Structure formats: C-alpha cells, structure tokens
Amino acid sequence: MTVQDIRAFNRFYTNVIGALDYSRQLYAPYTLTESRVLYELAHSPRTDAADLRTELSLDAGYLSRILNKFEQDGLIERKASARDPRRRRVTLTSRGRETAALLAERADESVGALLATVPSAERPRLSEAMRTVRTLLSDGRPPRREDVLLREPGPGDLGWIVARNAALYAAEYGFNADYEALVARIVADFAEDHDPHLERVWIAELDGRPVGCVMCVRDDAPATARLRLLLVEPEARGLGIGDRLVAAVVDFARGVGYRDLVLWTNDVLAAARRVYQRHGFVLAAEKPHRSFGKDLNGQDWRLDLTGDG
C-alpha cells in the first residue's frame, strides 16, 4: 500500500458520505465540523470549551466562532465551570437538544440509505473491513472514552440486552434464570408498547459492537420516570460508560418534563450505586428479599429533577 492508495480512498469515502457538502446532505445549516461539535455536546460528559477543543483537535478561534454561532441560534448556553471558574462550561438548550436529535436522525437516514445499497450477505464483510481499518490505524492503542458512541437500539439490540444481563449477572452475582425472565419481561413490555417521547433505550457502542445499555421508562407514580437495566460489559469498564448512560437518562428525563427519576437495585451492585450517587440519587428505602436464587438487600433510589430538592 502506498500513500496515494490511502489518499485515493480518502477522496472516495469523503465523496460517498457527502462530507464536502454536509449541510445539503442533511438539509441543515451546519457543516460537518459544526455538526460534530453539536454531537459532542449532546453525548460527551465533558463539555468545557477546553475539553471540546482537545477532543476534536480544533483551533481555539475556530471553535469559538462555532460556539458563537450556536449561541446566536439559541442552541447552547455558556457559563463558568463548577470545576474551575476560569473554564467555560457549554450546555445545550432544549432547542439545541432538538437540533442535535434531528441531525442525528437525518444522519442515520443518510447512512441507512447508503447501507441499503449493500446486499445483506455482504454487510458482515463490510463491517469486518471497517473494524480492521480502525484496529490497524489505531496503532494498538487502548479504547478511549471518545471512542464510545451512545445510540438508539437497532435490530437485535433488545435481545442483546436480555442475553447480556442474564449472562453477566449469573457470572458476577450468581443470579438464576428468574433474573433473565424479569429482564425479558421489562424489554418485551418496552418493545410492545412505549411512548418514544417519554421513554427511551440507549446502547453504548465501541468498535461497532454494543458494550452497555440503559432504559428510561414511565413509572406508576405521576411525573416520575424509572431508570432500568444499566449494564456495562467488563472489558469496557473504566471508560466512564456507566456515567454517560446515567447522565443520558437524567438529561432526557429532565428535558421531557419528569419531576422525579427513580430506580431499584441491590446493595451488592456497589459500582452501580456509586454511579447513581455521583449523579445525585439518594437512597429512599431498602428492604431484604429473596430473589434470583439469592438473599439480597433491595434498594430504592430517587433523584429530584426539579433542582430544588
């Protein structure tokens, strides 16, 4: 392979994805770089301007102009960071979240149309080729936080949630098939009847494969959402995926108008409890019980989303 081979491929792929005319491709007034900044603001837990500049390798002046444009369009708010008053924290407004979601939807449609031109039998080959390129050009470096994508579930992902929950909880906590049955019911209920405006599933993806998940569903209590089935694969732990998944649920629940976010867990899940506590959940009640073939201590946790609790 020569330098010219790679450059020729870059020209080909840039043309395939419409990178040179990205705004027309998505029917939106934002370039590829601007859309990427908006994506990071919607998905990254680190949204200081300095973090964005580092993660995206952008010139400080260029990023500042992009953020100024977003602010004029009502997509973002900027204020001093709680971690360091010298830094500026950037957050999406409700309009910004809607715009990011619309761009993501149009990007999915564009890629879906491209993928539709590939015969089904050839898609595993294409996926493996893309994974090979990423692996070879990453120079063997370990995965980074920014390599993880949070996305909506695709075909097969809900089944993956059931299978991986059952396998991991059996391996790590000795849970029996009763737990798999519970997860299957939760997932089936969501698949059969859910309100996409008030309920959602997130899949964490790394190198083209799912490595984590979480759900946000309506609770029986008024104006209350329930966080369910948080899971991170062992090989993907340490990348902040659990924090990102919980933050996604909190932001979504608050954004659509829930006043409370609740969850049920067991005290043996120490790592998950620490994630919940970092996001402001407080222990509301606990009770011993016998479930999944084990004697456990169940816990109810609650987060006030109104900001005054």
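Q: What covers the buried residues of α8?
A: The cover includes the strands β3 (148–151), β4 (200–206), β5 (209–218) and β6 (224–232), together with α9 (177–192). Please note that this is a predicted model.

Q: Which residues of α8 are buried?
A: They are D157, W160, I161, V162, N165, A166, L168 and Y169.

Q: Why might residues three or four places apart in a helix point the same way?
A: An α-helix has 3.6 residues a turn, so residues at that spacing face the same way.

Q: How many residues does α8 have, and what does it reach from its first C-alpha to its last?
A: Helix α8 covers residues 157–173, which is 17 residues. Its end-to-end reach is 23 Å, close to the 24 Å expected at 1.5 Å a residue.

Q: What follows α8?
A: G174 comes after the helix, and its phi is positive, near 75°.

Q: Where is the place of A170?
A: A170 belongs to helix α8.

Q: How many residues apart are A170 and T2, and what about in space?
A: They are 168 residues apart in sequence, and their C-alpha atoms are 49 Å apart.

Q: Moving to α9, what is the relative accessible area of A191?
A: A191, which lies in helix α9, has a relative accessible area of 46% and is therefore partly exposed.

Q: What separates the C-alpha atoms of A191 and L158?
A: The separation is 8.0 Å, although the two residues are 33 apart along the chain.

Q: Now the whole protein: how many helices and strands does it have?
A: There are 11 helices and 9 strands.

Q: What is its radius of gyration?
A: The value is 21 Å; a compact globule of 309 residues would have one near 19 Å, which agrees. Along the principal axes, the C-alpha atoms fill a box of roughly 65 × 50 × 35 Å.

Q: What percentage of the residues count as buried?
A: Of the 309 residues, 38% are buried. The accessible surface comes to about 17800 Å², and carbon and sulfur atoms hold 52% of that.

Q: Which share of contacts joins residues at least 24 apart?
A: Among contacts between residues at least 6 apart in sequence, the share is 58%.

Q: And how many charges are there, positive and negative?
A: The protein has 44 positive and 46 negative charges, and their mean positions are 4 Å apart.

Terms used:
Residues are numbered from 1 along each chain as its sequence is written. This is a predicted model: local features need pLDDT of at least 70, side-chain atom pairs count only at pLDDT 80 or more; totals for chains, interfaces and linings use all residues. Side-chain values use heavy atoms; hydrogens and water are left out. Helices (H or I, at least four residues) and strands (E, at least two) are DSSP runs, numbered from the N terminus. The radius of gyration is taken over C-alpha atoms; the globule rule is 2.2 Å times the number of residues to the power 0.38. Buried means under 20% relative accessible area, exposed over 50%, partly exposed in between (1.4 Å probe, protein chains only). Contact means heavy atoms within 4.5 Å. Accessible areas come from the Shrake-Rupley method with a 1.4 Å probe; for residues, only the protein chains shown count as cover. Lys and Arg count as positive and Asp and Glu as negative; His and the chain ends are not counted. The place of a charge is taken as NZ of Lys, CZ of Arg, CG of Asp or CD of Glu. The expected span of a helix is 1.5 Å times one less than its number of residues.
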